[in-house]
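Open the model in your viewer and keep the sequence panel beside it. This tour tells you what to select at each stop.

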Amino acid sequence: MAHLLGGEALHLEYPTKVVFDSVSLGVNEGDRIGIVGRNGDGKSSLLGMLAGTREPDGGRVTVRGGVTVGVLDQQDTLDDDDTIGHAVVGDRAEHEWAGDARTRDVIAGLLGDLPWDARLGDLSGGQRRRVALARLLSGEWDVLFLDEPTNHLDVEAITWLAEHLKRRWSPSAGGLLVVTHDRWFLDEICTVTWEVHDRIVEPFEGGYAAYILQRVERDRQAASIEQRRQNLARKELAWLRRGAPARTSKPKFRIDAANELIADVPEIRDKVALQSLAVARLGKDVVDLLDAGVSYGDHTVLRDVEWRIAPGERTGILGVNGAGKSTLLSLVTGTLEPTTGRVKRGKTVKVATLTQRLDELEQHLNDPVRVVIAGLRTTYSFGAGSKAQELTPGQLLERLGFSSAQLSTPVKDLSGGQKRRLQLLLILLDQPNVLILDEPTNDLDTDMLAAMEDLLDSWSGTLIVVSHDRYFLERVTDQQFAILDARLRHLPGGVDEYLRLRAAQDATASRPASAPTSTGAAPGLSGADLRAAQKESSALERRIEKLQAQIDRAKAALADHDQADYVGLGAEMQRIGSLETERDELEERWFELTDAIG
C-alpha cells in the first residue's frame, strides 16, 4: 500500500502538560482510521498536526507529492451572508454539479430538508455544520480528516455518511482519519483504530469492537493498574460479543478469544432483579398514554398514541427532527396536556429529565464541585439484592470519571463533558423513578460513555432515551419506538427496522402520484390480502417474542452449566445459534409484511 502522509517524532506541549512525546505514525492508501481516547488527551491536536492546521513543537509531518488533503474541524468558518447552494458548490454551473452523481448524493444525504437558497446566517448551528460537511464531501481529496463529523446528525444521516465514506474511501483509494465518540460509526467504517493516551498513539487493527477486544487483552496481559477502566472495557466487550437485541451485524473479531476473556463477566443487567425493585419503588402503574394526541390548530403533531409504560422499562425513542419526540416527552413528564385522549400517571411516579441544557448547574457555576455535593445525602443505594452498593456522592463522581483534584474545580471551569456528568449525578441523587435522557451523549468520550452506561445498568427505574447515538441507544435500552406520521410505532427490529421504514417513507413521498406502486414490500394491500398480512404479522410478532425469551433463558442457563462439559456447552451454543437464526429469518419476513401493510 502506498504511503500518503505521516508524522515523525511529533512533540506537542502546553505550559502545564506534555500532550505528545516523540510520536511517529503514518497513513497508507486505503486506511480508514478512527481516533479514540479520553477528552483532553490530544485527539483533535493529533488530527490538526497531521492535517497541517497545527504546527507541532517538535518533529515533522510529511505529505507525499500531489496528495490533496480535506479537513472538517470543529471551527465554524462559513460566511453568514453566503447561501447554502453557493457554499456547497461554489461558482460551478448548475448543469456541472447537477450532473455529478457524487455531489447529488451528498446534497440529498445531508441537505435534503434545507432550502437551497437559504442564507447561512439564518441557519442553526447544527444546520451550518451539515453545510460545512457537504461542502467538504463535494470536493476531491486524497486524504480526508474529520473531527466529530456526526455531531448534529440524526440516525439516518449518520447511516448515510457511513455508507458514503465506505464507498468513497475503499481499501484501494485514499485515506480517511476520523475523531468521533460515535462507537457505531467507528465500528462501521474503520479498518484501523488509534488510541491516544499517556502521550502516545497506540494502533489497533479493526474498528471499535475489535479495538475493545484487543485493549482488554492488552490490559489483562499487562496487569493494568487501571482496574476500573479495564473492567468497564470487559463489560462492554461482553455486550458486544453477546449481541444486543437490535444489532444485526455482529462485531468481526476472534470469537474464541472473546469468549475466553468474558467467561466470568455476568450479564450486563439483571433484568428480573431490576424490574422487581422498580415495581417495589414505583408500583404497577407508571405512565399510560391512552389514545393521546396533540394538535396545534390544524397541525397534528401526535395522534392515537397508545403507550403503557411499565416499571423498569428501558425504551429508546427515534424520529426525525420535528417528528414530535419532545412533545411525546412532555406528555410523559406532565408539562403538556393532550388535546385528545388522556394521560394517566401512577401515584408514586417521580420524573426527572436530563436535557441538553445545563439548568441544574446554573446556581452552582461559581462553586467548586465538592461544595455542590457537600449538601447531599451521605450515601445512596445502587443496584439490587446481593449486588446492591452503598455509595457516597464522591464515589459516584469517581465512577463518572472525576479525579480527586477536580473536586476543587469551580463548576464554570469544567469541560462540557464534565458538566454533563455532574448534571446526571445530581439528577440521579435526587432519586427519581422515571428518568428521561434527551441527547445525553453530547461532549462525552468513549470511556465516559462506558462509565455512564455502567452506572445506568444498576439503576432500577424506568428509562426513556432520545438519542442519535445508535450505539448508546442500543446499549442502555431494551426496546425502541419511533414516531412516524405522527404515530408512535414499536420497532421489534430496532434501529435497522426504523431505517427501513424511513427509506420506504421517503421513497413513497418522492414517487409521482401517477406512478404505479410496485409489488412486494410496497404499501397497497387491501381486502382479504391486507387482513391475511395483518394476521400473519401479529403471529410473527408473538413467535419472535417467544423465541427471544427462549434465547434469553438459554443464555442465562449457560452460566450454571458445568464449564468442563465442553460437549454439552457446544450443543447448547449450537441450539442457541439455531434459535437466533430462526428469529432473524422471522424478523426479515415481519419487515416485509409491515412494509406491505403500510
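The model is predicted: local features need pLDDT of at least 70, side-chain atom pairs count only at pLDDT 80 or more, and totals for chains, interfaces and linings use all residues. Residues are numbered from 1 along each chain as its sequence is written, and side-chain values use heavy atoms, with hydrogens and water left out.

**Stop 1: the open sheet**

Select the strands in the order β5-β6-β7-β3-β8-β9. These 6 strands form an open sheet with mixed pairing. Strands here are DSSP E runs of at least two residues, helices are H or I runs of at least four, and both are numbered from the N terminus. Two strands pair if DSSP finds at least two bridges between them. β5 (69-72) and β9 (200-205) are the edges; each has a single partner strand, so one side of each lacks a neighbour in the sheet. On average, neighbouring strands are turned by 20 degrees against each other, direction ignored.

Now pick β3 (residues 32-37) and β8 (residues 192-197). They run parallel, joined by 5 bridges. Gly-37 faces Val-196 in β8.

**Stop 2: helix α1**

Select residues 43-51. This is α1, with 8 of its 9 residues buried (under 20% relative accessible area, 1.4 Å probe, protein chains only). Among the buried residues are Lys-43, Leu-46 and Met-49. α1 lies across β3, β5, β6 (143-147), β7 (175-179), β8 and β9, at about 155 degrees to β6. Such angles run from 0 to 180 degrees between N-to-C directions, and axes are lines fitted to C-alpha atoms, for helices over the stretch in contact. Step on to Gly-52, which follows α1 and has a positive phi near 90 degrees.

**Stop 3: α4 against α6**

Show residues 101-111 and 155-168. The axes of α4 and α6 come within 9 Å and cross at roughly 160 degrees. That makes α4 roughly antiparallel to α6 (over 145 degrees). Display side chains next. Arg-102, Asp-105, Val-106, Gly-109 and Leu-110 in α4 meet Ala-157, Trp-160, His-164, Arg-167 and Arg-168 in α6 (heavy atoms within 4.5 Å).

**Stop 4: strand β19**

Select residues 479-484. In β19, 5 of the 6 residues are buried, so the strand is largely enclosed by the rest of the structure. β12 (residues 314-318) pairs with β19 in the parallel sense over 4 bridges; Thr-315 has Gln-479 as its bridge partner. β20 (residues 487-491) runs antiparallel to β19, with 5 bridges. There, Gln-480 is partnered by Leu-491. Finish at Asp-485, in the hairpin of β19 and β20, where phi is positive, near 55 degrees.

Key
Angles under 35 degrees count as roughly parallel, over 145 as roughly antiparallel, 65 to 115 as roughly perpendicular and the rest as oblique. Buried means under 20% relative accessible area, exposed over 50%, partly exposed in between (1.4 Å probe, protein chains only).
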